[in-house]
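Dear colleague,

I am passing on the structure below, and my notes on what was found in it follow directly after.

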Amino acid sequence: MTMVTEFRTSALPAAERFDSWHGMVNDTIVPNRLRSDHTPDFRARLRLMDLGAVQVSALRYPPLETYRPAKLIRRSDPESYQLMLNLRGGHRIRQGGHDTTGSAGEMLLYDTSRPWHGWAGADAGNAGSAVNGIMVQVPRALLPLPQDGVRSLIATRLPAGQGVGGLLAGFLKQLVDHAGSYTPADAARLATVMVDLLAAVCAHHLEAERLLPLETQHHTLFLRTRAFIEHHLADPELTPAAVAAAHNVSTRQLYRLFQARGLTVAGWIRRRRLENCHRDLADPRHRHRPVQAVASRWGLTDKAHFSRLFRAAYGMPPGDYRRVAQNAGREGTERQPDGAHDQPPC
């Protein structure tokens with residue numbers, strides 16, 4: 001099973017690029033009609049991750065216009081929602097009586113079973129630049145929310161800068177940036193995370209979080225607490241109680257959330273701090289920063305305590321590790337804490 005498909009029009013003669021892109025999009029994403037002022041030299045690329053029922057595509061292309069008329073829908077319809085995360089440029093969509101434009105940092109939701117008319121445009125003042133985005137395609141049947149409610153979100157702007165929208169956007173960016181590091185065995189789990197996060201975003205905007213399955217609610221809360229921990233690692237006062245309070249749950253609920261995934265809250269905080277210290281100590285860019293300054297940067301302010309933790313995790317004191325790693329180019333010297341190579345459940 002091949003999870004990742006790469007396609008670049010630059011590998012083709014200029015005269016064939018637009019038609020090849022059009023055909024590829026119709027075959028791999030959804031049939032539609034395209035028009036562009038850049039057909040003489042259409043430089044575009046696609047990285048598509050096949051997660052089974054769910055597809056994630058990183059796209060880069062010149063400004064264009066797209067149509068999906070009823071005739072094409074009758075011919076072929078995956079009965080899916082498409083979510084576009086705008087990274088550069090913007091997308092305008094007319095569908096279901098809505099006419100909405102989303103700019104960089106926003107998301108738009110489409111329905112493949114309803115006609116649309118869309119435009120992808122470059123940033124203001126740079127008409128020839130490419131449009132960048134990440135598209136997710138999820139079968140409607142997989143989204144555990146009433147379809148009438150989700151339809152009300154079609155062709156509306158969904159913020160991607162904070163909250164659960166920011167969590168979804170961050171997950172998508174990490175997914176496509178590290179597409180080559182995943183294996184087919186990861187596909188089902190990644191698809192589950194994707195569906196849970198999209199459902200949580202929709203439920204948030206519908207004020208219908210209580211309608212989500214309990215498992216989805218717990219999964220989303222776990223991802224939110226992990227993102228909160230990652231953002232606050234530098235705070236020495238980051239504790240399980242602080243994490244719980246920030247998410248309006250009890251510490252007991254938080255402990256159960258992590259225990260269900262074979263983790264502890266304090267252990268996860270400690271592990272992530274040590275991993276960041278481990279990385280920075282081996283980085284030549286930080287060679288002039290004292291060891292304890294590196295540790296303090298990640299919330300480990302007690303020198304003796306940090307040294308004990310680091311030695312237990314990596315088998316040598318942090319100062320020794322820095323010398324070995326930087327002198328030997330880190331080759332063959334890195335050791336991870338027990339279980340560090342095991343990816344925690346998403």
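Helix H2 (residues 70-75) provides the largest share of the positive patch, namely 3 residues, where helices (H or I, at least four residues) and strands (E, at least two) are DSSP runs numbered from the N terminus. The patch of positive charge gathers Arg 33, Lys 71, Arg 74 and Arg 75 on the surface; patches are made of residues with over 30% relative accessible area and no salt bridge, like charges being joined within 9 Å, and a salt bridge is a side-chain nitrogen of Lys or Arg within 4 Å of a carboxyl oxygen of Asp or Glu. Arg 33 lies in strand S2 (residues 33-35) and is partly exposed, with a relative accessible area of 41% (buried means under 20%, exposed over 50%, partly exposed in between, with a 1.4 Å probe and protein chains only).

Please bear in mind that this is a predicted model, in which local features need pLDDT of at least 70 and side-chain atom pairs count only at pLDDT 80 or more, while totals for chains, interfaces and linings use all residues. Residues are numbered from 1 along each chain as its sequence is written, and side-chain values use heavy atoms, with hydrogens and water left out.

In helix H8 (residues 251-259), Leu 254, Leu 257 and Phe 258 are buried. These residues cover an arc of only 90° around the axis, and therefore lie on the same side of H8, the arc being that of the directions from the helix axis to the C-beta atoms. Arg 252 and Gln 259, on the other side of H8, are exposed.

As for the whole chain, there are 12 helices and 12 strands, and 48% of the 346 residues count as buried.

Best regards

Methods. Patches are made of residues with over 30% relative accessible area and no salt bridge: like charges are joined within 9 Å, nonpolar side chains (Val, Leu, Ile, Met, Phe, Trp, Tyr) within 5 Å. Accessible areas come from the Shrake-Rupley method with a 1.4 Å probe; for residues, only the protein chains shown count as cover. Lys and Arg count as positive and Asp and Glu as negative; His and the chain ends are not counted. The place of a charge is taken as NZ of Lys, CZ of Arg, CG of Asp or CD of Glu.
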